[in-house]
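Subject: A structure for you to look at

Hi,

Here is the structure I promised to pass on.

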Amino acid sequence: MKHVLLIAAACAASPLWAAEWAVRPGDIPLSPAELNALAGRTLTFYDDGQSKYSVGGAYSYTYSAVNGGGTAFGTYRIAADGSICVQYRNGFDRCDLYVRNRDRLILITEKGERYPVRPD
């Protein structure tokens with residue numbers, strides 16, 4: 001039974017397991033070309049946090065001053081399901097799905113949380 005739990009835990013952490021995203025009517029996942037175009041861009045969220053996707057796969061997230069400031073660094077990759085997976089230097093990792101809904105760009109977490117991105 002212990003081995004089954006370990007395998008289940010490993011699968012749950014896998015992006016393939018997270019293929020069921022909490023999309024809503026009107027959500028359109030970004031195309032591969034749109035995902036690749038994130039390289040070199042900084043996306044700002046409504047809490048003033050910023051995700052920076054650098055060319056070559058480097059990633060950083062800078063928290064707003066209200067949320068304590070500071071920056072977390074890591075690397076990102078585009079997963080087969082169209083999500084963007086980040087491996088932070090501290091060992092934490094996560095995958096998120098970007099969608100467009102009407103004129104809004106929205107990040108959806110694996111937990112189903114939605115974070116709209118401010119327009120450029």
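One thing to keep in mind is that this is a predicted model.

I started with the largest pocket. The residues lining the largest pocket comprise 14 nonpolar, three polar and four charged ones. That lining has 21 residues, and Tyr 59, Tyr 61, Tyr 63, Tyr 88 and Arg 94 are the ones nearest the pocket's centre. Two or more lining residues come from each of strand 3 (50–53), strand 4 (58–62), strand 6 (84–88), strand 7 (93–101), strand 8 (104–109) and strand 9 (114–117). Strand 6 contributes the most to the lining, with three residues. As for volume, the largest pocket comes to about 420 Å³.

Next, the cores. In the largest nonpolar core there are 17 residues, and those with the most contacts inside it are Leu 38, Leu 43, Tyr 53, Tyr 59, Ile 84 and Tyr 98. Strand 4, strand 5 (71–78), strand 6 and strand 8 each give two or more residues to this core. Here, too, strand 6 gives the most, with three residues.

Leaving aside residues up to four places away in sequence, Ile 84 touches Leu 35, Leu 38, Tyr 53, Tyr 76, Arg 77, Arg 94, Cys 95, Asp 96 and Tyr 98. There is also a second, separate core of eight residues, among them Cys 95, Leu 97, Val 99 and Ile 108.

Best wishes

How values were computed: Residues are numbered from 1 along each chain as its sequence is written. This is a predicted model: local features need pLDDT of at least 70, side-chain atom pairs count only at pLDDT 80 or more; totals for chains, interfaces and linings use all residues. Side-chain values use heavy atoms; hydrogens and water are left out. On a 1 Å grid over the protein atoms alone, a cavity is a set of points where a 1.4 Å probe fits but cannot get out, and a pocket is an open set with protein on both sides within 12 Å along at least five of seven lines; lining residues have an atom within 4 Å of a point. Grid points are joined across faces, edges and corners, and a volume is the space filled by probe spheres set on the points. Helices (H or I, at least four residues) and strands (E, at least two) are DSSP runs, numbered from the N terminus. Ala, Val, Leu, Ile, Met, Phe, Trp, Tyr, Cys and Pro count as nonpolar, Asp, Glu, Lys and Arg as charged, and the others, Gly among them, as polar. A nonpolar core is a set of buried Ala, Val, Leu, Ile, Met, Phe, Trp, Tyr and Cys residues joined through side-chain atoms within 4.5 Å. Buried means under 20% relative accessible area, exposed over 50%, partly exposed in between (1.4 Å probe, protein chains only). Contact means heavy atoms within 4.5 Å.
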